[in-house]
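Subject: Structure handover

Hello,

Please find the structure below, followed by notes on what was found in it.

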Amino acid sequence: MSITVYNSLTRKKEEFVPQTEGKVSMYVCGPTVYALSHIGHARSAISFDVIYRYLRYCGYDVEYARNYTDVDDKIIARANEEGVASEVLAERNIEAFDADMAALGVELPTKRPKATETIGEIIEVISSLIEKGFAYESGGDVFYSVRKFEGYGKLSGKKIDELESGARISVNEQKQDPLDFALWKASKPGEPNWESPWGPGRPGWHIECTAMNIKHLGATIDIHGGGKDLIFPHHENEIAQSEAATGKAPFARYWLHNGFVNIEKEKMSKSIGNILNIRDALGTQTYEAIRLFLLSNQYRSPIDYTNDSLKEAETAVERFYKALDRIETEYPATVESKPKKSALGKRMEPILKAMNDDFNTAEVFGNIFKEVTRANTIMDAATKSPDKRAATEVEVTVIRALFKEAGKILGTLDRTPGDYFDEIKSGSGVDPDEIEGLIAERAEARKNKDFARADSVRDSLLERGIVLEDTPTGTIWTVKQ
RNA sequence: GGCGGCGUACCCAAGUGGUUAAGGGAGCAGUCUGCAAAACUGCCAUUCAGCGGUUCGAAUCCGCUCGCCGCCUCCA
């Protein structure tokens with residue numbers, strides 16, 4: 001079975017064949033660290049995290065680089081507003097980003113280069129572009145001459161002449177052509193700067209990705225990812241820089257782009273003031289629910305983040321963990337025993353088939369929840385007819401193993417039920433001892449057939465969002481969000 | 001204006017040429033329960049924005065119409 005991916009460059013699904021058998025090189029544009037990361041960064045990171053996880057699951061040796069752009073106009077502007085050095089601001093936001101990613105269950109890429117650690121390579125690439133006639137120096141700045149690169153526009157489908165007629169490009173006297181973009185910017189007083197053949201300055205926006213790609217992954221990489229908005233101009237310019245500098249095409253063999261996250265049907269933007277930071281989102285729901293929600297949509301489609309849809313996702317996560325908890329409680333042997341490989345393989349087939357089709361995680365969840373229903377159904381049947389217990393144990397062993405496999409791929413539904421429910425309970429701020437005490441009181445009342453008293457305990461707990469469930473093995477409680 | 005995309009049930013959403021159109025949430029009814037909750041069962045799109053066309057056969061391909069969105073400027 002092979003993986004099929006939608007390639008933005010060709011605008012169609014293609015079979016994924018890495019340039020070196022068994023190995024994959026992948027680069028994803030990371031954040032420009034001028035502020036806290038928002039839910040859109042989370043979507044990009046999680047989408048490519050799942051791709052990274054799945055490629056390794058399929059046995060590939062994956063070199064995965066995700067950069068930090070830590071020198072940039074916005075960082076400088078923000079640092080000036082706050083009255084701190086731009087290095088300090090950048091470092092602080094890198095730490096925050098790393099913490100957010102960890103909280104979302106995003107695995108660490110194999111490489112996490114910073115632009116400021118790549119200045120030497122950036123200068124080399126720019127020098128080579130000047131030598132080859134693709135770039136020119138002008139008053140301490142260096143610009144890329146867009147018209148010199150024949151394939152300009154091939155990723156975004158734009159034509160240079162049409163871009164030219166668009167009046168929105170600012171005119172800069174230093175440029176030979178308004179479409180040319182900066183590779184190197186001469187520094188103004190007080191700005192971070194590095195020595196270069198063109199005087200002190202700093203890199204332009206697109207060149208750092210080219211340099212980091214070449215340095216860490218080589219002239220031609222397998223997968224290049226990022227948000228859809230980066231297609232133009234960022235990725236278009238990366239192609240122009242990289243292919244011109246190395247003389248090798250394609251720069252990236254497969255271009256993958258994730259869709260945007262809207263908030264309550266509106267685009268996130270500073271002017272609307274509806275930017276949802278990752279840490280705020282994590283304050284109201286678990287990482288499992290956030291990931292399940294984001295991965296319930298095809299990664300290329302836009303997605304609408306609403307309070308209701310996140311609540312629904314959390315309910316679905318709860319349903320999953322309840323079933324897993326029931327399997328492990330009623331069939332404790334499943335925790336230790338392993339299913340037959342062939343049986344698990346057969347059950348995994350639809351999930352792998354979905355993943356192989358451009359990482360269709362939504363369909364994977366469909367399969368997981370089908371298995372949830374099936375597990376509950378056969379366990380119900382075995383409770384009624386104990387002679388079915390042995391066969392049921394074999395089946396739920398397979399299902400539990402399937403859940404674990406899927407959890408590894410998706411990075412959600414991958415904890416123990418205990419850990420999940422503990423987080424929900426501790427996040428609610430209620431005192432477990434108090435609840436347990438009330439449950440004991442209610443149990444006593446029920447034993448004495450004092451149902452009025454038992455129900456009043458239950459009702460008062462329900463008002464606080466605590467739901468009691470009487471099971472054969474005792475009363476359990478959960479917190480409703 | 002140029003380029004790209006979307007429109008599937010009450011809501012979210014998968015399915016992109018061929019058995020009964022996944023799954024989640026909500027709702028209704030039943031089983032279970034002291035009553036609940038949870039779980040299970042059944043019901044909930046003869047139909048996929050509309051209209052034409054191609055085909056033995058289309059939600060899936062083509063054309064047109066309507067509606068919505070993104071990019072073209074910093075942006076994940």
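Phe359 sits in the loop that joins helix 12 and helix 13; helices (H or I, at least four residues) and strands (E, at least two) are DSSP runs, numbered from the N terminus. This is a predicted model, in which local features need pLDDT of at least 70 and side-chain atom pairs count only at pLDDT 80 or more, while totals for chains, interfaces and linings use all residues. Residues are numbered from 1 along each chain as its sequence is written, chains are lettered from A and ligands numbered from 1 in the order in which they are written, and side-chain values use heavy atoms, with hydrogens and water left out.

Backbone points

The phi of Phe359 is near 55 degrees, a positive value in a residue other than glycine. Phe359 counts as buried because its relative accessibility is 4%; buried means under 20% relative accessible area, exposed over 50%, and partly exposed in between (1.4 Å probe, protein chains only). Asp358 is not a glycine either, and has a positive phi of about 55 degrees. Asp358 is in the loop between helix 12 (341-356) and helix 13 (361-384), and it is buried because its relative accessibility is 0%.

Two peptide bonds are listed here as cis. One runs from Phe232 to Pro233, with omega near 0 degrees, and Pro233 belongs to helix 7 (residues 231-246). Another runs from Ala249 to Pro250, also with omega near 0 degrees; Pro250 is in the loop between helix 7 and strand 10 (252-258). For reference, most residues other than glycine have a negative phi, and most peptide bonds are trans.

Chain A splits into domain 1 (4-267), domain 2 (307-417) and domain 3 (429-479), with bounds that come from an automatic or database domain assignment. Between the C-alpha centres of domain 2 and domain 3 the distance is 29 Å.

Contact means heavy atoms within 4.5 Å. Leaving aside residues up to four places away in sequence, Ile39 touches Val261, Ile263, Met268, Leu276, Ile278, Ala281, Ile290 and Tyr305.

Two charged residues

Asp72 is in the loop between strand 4 (61-66) and helix 2 (73-82). Asp72 is buried yet has no salt bridge, and the nearest side chain of opposite charge, Lys74, is 4.2 Å away. A salt bridge is a side-chain nitrogen of Lys or Arg within 4 Å of a carboxyl oxygen of Asp or Glu; Lys and Arg count as positive and Asp and Glu as negative, with His and the chain ends not counted. The Asp72 side chain does reach the backbone nitrogen of Lys74, at 2.6 Å. Not counting residues up to four places away in sequence, Asp72 touches Thr32 and Arg202.

Arg347 is in helix 12 and counts as partly exposed because its relative accessibility is 30%. Arg347 and Ile399 are 52 residues apart in sequence, and 8.1 Å apart in space, C-alpha to C-alpha. With residues up to four places away in sequence not counted, Arg347 touches Glu371, Arg374, Glu395, Val398 and Leu402.

Regards

How values were computed:
A polar contact is a pair of N or O atoms within 3.5 Å; within protein, one must be able to donate a hydrogen and the other to accept it, and residues adjacent in sequence count only if both atoms are side-chain atoms.
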